[in-house]
Amino acid sequence: MAEPAKQIEKKIMDKGLEIGAQNLTAEQIKRVINRVLKSESGARLKAYVDTCIHCGLCSEACHYYLSHDKDPQYSPVGKVKQTLWKMLKTKGDVSADFIKKASQIASTQCNACKRCAMYCPFGIDIAYMMLTVRRICHLLGVTPLYIQDTAHSHAVTMNQMWVKDDEWIDTLQWQEEEAQAEIPTLRIPLEKEGADIMYSVIGPEPKFQAQLIYQAAVIMDVAGVNWTMPATPGWDNSDMAMYTGDNEIMGRVKRAHFETAARLRVKRIVMGECGHAFRSVYDMGNRWLGWRMPPIPIVHAIDFYYELIKDKKITIAKKFKEPVTLHDPCNVVRGGGLAEKARYVVNAICEKLIEMHPNREHNYCCCAGGGVINCGPPYKMTRMEGNRIKAEQLFAAKSRGAKVLIAPCHNCHSGLEDINHHYGLGYEIKFISDILYDVMEKPV
Amino acid sequence: MLTRIEWDWEPGSREIANISQWQKKFNWIEEPYVSPNGEKIAAIVNLAEGEFNVCVNGDTWETVFDKIWYLRFAPDGRLAALVSEAGEWTVAVDGITWDNKFGYVWNMMFSPDGKNIAVAVQQDMTYGMALNNIVWKETFSNMTNPTLSPDGTRTAAAVQVVGFGEGEIHKFQKGAFTAALDGKTWDTQFVNVWKMAISPDGQKTAAEVRLNLYDYTIAVNGKPWEQTFGCVWEPVFHPQSMAVIAPVRKNGKWFLAQDGQIIWDRKFVQLWHPMVSENSNKLAAIVAAKYGKWTIAVDGKPWSVSFGDLLTDAVFSPDGNRIAAAGKNDERWLMVVDGVVWQNTFDMAWQPVFSPNNDDVAVKIERDGKYSIAVNDRIWDQACDAIWDPVFSPEGDKILLRTLQDGIYTRRVISVEEILR
């Protein structure tokens, strides 16, 4: 490990942290920390803490560490040391200021991307430890404001964007109408019980990116898929409560999602290009509720496009010409094993794929995931400065000819847009569906 | 409306409509629905761009609408849909629209006898409920969890009564939501109000509430239980005592509570969908007795059989002494009745139906892309392109099958024995 560079402390004002920490008492902090450490985290956390030999090999895995000139404060183990270890060592005897700082570190300086788990000789899941810190901070009411607001939206509406019940349905009908201008008989079938597939999206799609629903409808229609979308809450697969440590709301949102699919008697849930939502429905949310695996199988968009292209349900009229590079989203590639299927799809629809390095499960995180981008504008520079390494990686791919960056994950997409602009990389960033929709055979 | 006893229960089959003929008349026809007595089949049909109608047994409604969705038969056989005309939405029943028109309508609900129809409505970005064309006097800036009372005469929902702006998380955490029954709100506000139940006598409303970011309980007519929990799920009213029963989470495990007190002596990894039988006072719920092992607990005792993937759609027999549910193991759907799993497995199975005499259990099933009916683990020897839930005759000796094959919708009555033999 190299020597650290000089650290310049920058103060970020976040009312979620400031006001939340104002009324904390020492007794309350101690009670919550010990409750989580003893009753909730249990053997798993103890195994991690007891196993870690403080070797620091996790450091080289972390984009924050690499982007901050190997400052050990930003190493995964350094972040554990500044947060959880102190809580453990003091048996919860820490100050409100400490909690505030711990919340900021856990929520904005770790994307829970799990790259470090691959570099740890023991496979210790440091992301889990950071999420445990977030859980403690949630129970103390000290969470960054923007993501807390999003968790509130999940709690009220069961979606991420305060989309009201009627607005959701109205948006689907609007997109159906728009798409009928292109394919007059196209439908977005609502509440079709017994369809093969329920298509699920994330809150920002009806709110800001309705064209993605349009594209999905065209893909489903052309491929002849027997599909449906629900007209009730439960349509949103996303989950910022998972990242604030509000496990109860995570469970409530996931229950609505799976029970909606079960009510519609679909055989599978196909989800759009989102990474964290995949983690929530495939790993964390379902398991908190007591399901070992999703009760209705989940198919990520990458997997679904792979299936459609391989089975020739979609044929490609003309491949996308511009050279592309592919960003492997952590949750679906490192967490879901979809690296090769993503390449199959990209190679099927694009003339030239130029790999960025490292790639596949070794790819660098976008620095938006894990709820960090959802902590909002106060932390934009945290993400930009914390992911210089990503900009370098993207620049290298660009210097080898890549012009378009494919990011098959919503948070990656938004985070990479910021990196792209901040570092002046000049990429055009697209979802797979943007390209697939453009290049596929469609009825004339 | 004919009661079930007055339906045609003469064994035999009758072709009701050839919906493939409809294809020639319309641009497209949407998913068909059939009446409870099987005498009608209906679908939303598209006539031209922005022109929709409903076709029932080959005849269309008189009025053409700009858009129609959520076509469903009420339990009394009336045909209802959500329709749009000149930018306004309302409910149409047998082609006749309600007088009231709205910015949007959704979440249509029927009372068990079909006499009452309720919808959630939005007008000028305020929200409320409408029941049989009568709208709440008071409307709200947001509304979720629309609910209809067991007899269908009252409506309730979770409503927002305090405004908060984007990012005003601490104002939100002081409580901005409450429940409204027929538009009249509780006096108390909560951080969140979710699923609710209206008592059988229509006098009480109980709801899941969150008091702050981490304390949950059940509130009845606005008054929270004294006990708080780590989480709660949907409350139900006991049909006789009017006690409120709900799953509650304590120290990471789930329990069943009544009026705030834990009543089952066991804890579960999960416990939800509590249900009380009308006639036997039995209490049951879907539970995970162990992690990833789903079963039914009756009066606190879990069945010995369990399912790995999912257990859903549990239902009591009319006398309340039997329970059936649909389960899933390794991607295969199964039926479980009184703790015994059927031998047959299915690509899909729907909610089971008990015969009125409690003896038999029938269910709609799917295998290899075709649909049929199974009764007591015996599968009817015909498979169709579509089939609807089976309906037993009042004596329970016959079964009404509503089937679609090669575009022909057929109403059949067969003896239960015909499937069982």
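In this predicted model, helix α15(A) goes past helix α21(A) in a left-handed crossing. Two packed helices are described by the angle between their axes and the distance between the axes. Here, α15 (residues 301–310) and α21 (residues 432–439) of chain A have axes that come within 11 Å and cross at roughly 25°. Angles under 35 degrees count as roughly parallel, so α15(A) is roughly parallel to α21(A).

Now look at who touches whom. From α15(A), Ala301(A), Ile302(A) and Tyr305(A) meet Ile432(A), Ser433(A) and Leu436(A) of α21(A). Sorted by class, that contact has 5 nonpolar residues, 1 polar and no charged ones.

Stay with α15(A) and turn to the sheet. This helix lies across β3 (268–271) and β4 of chain A, at about 80° to β4(A). Those strands belong to an open, parallel sheet of 4 strands in chain A, ordered β2-β1-β3-β4. At its edges stand β2 (227–228) and β4 (298–300) of chain A; each has a single partner strand, so one side of each is left without a neighbour in the sheet. For β2(A), pairing with β1 (residues 197–200) of chain A is parallel and runs over 2 bridges. Ile197(A), for instance, has Trp227(A) in β2(A) as its bridge partner.

Finally, step out to where the chains meet. The contact takes 35 residues from chain A and 36 from chain B. On the chain A side, the elements that give two or more residues include α2 (26–51), α9 (165–180) and α13 (247–263) of chain A. The most comes from α8(A), with 8 residues. By class, the chain A side divides into 13 nonpolar, 10 polar and 12 charged residues.

How values were computed:
Residues are numbered from 1 along each chain as its sequence is written. Chains are lettered from A and ligands numbered from 1 in the order in which they are written. This is a predicted model: local features need pLDDT of at least 70, side-chain atom pairs count only at pLDDT 80 or more; totals for chains, interfaces and linings use all residues. Axes are lines fitted to C-alpha atoms, for helices over the stretch in contact, and angles run from 0 to 180 degrees between N-to-C directions. Angles under 35 degrees count as roughly parallel, over 145 as roughly antiparallel, 65 to 115 as roughly perpendicular and the rest as oblique. A crossing is left-handed if the near helix is turned anticlockwise from the far one by less than a right angle, and right-handed if clockwise. Two residues are in contact if their C-beta atoms, placed from the backbone, lie within 7 Å. Ala, Val, Leu, Ile, Met, Phe, Trp, Tyr, Cys and Pro count as nonpolar, Asp, Glu, Lys and Arg as charged, and the others, Gly among them, as polar. Two strands pair if DSSP finds at least two bridges between them.
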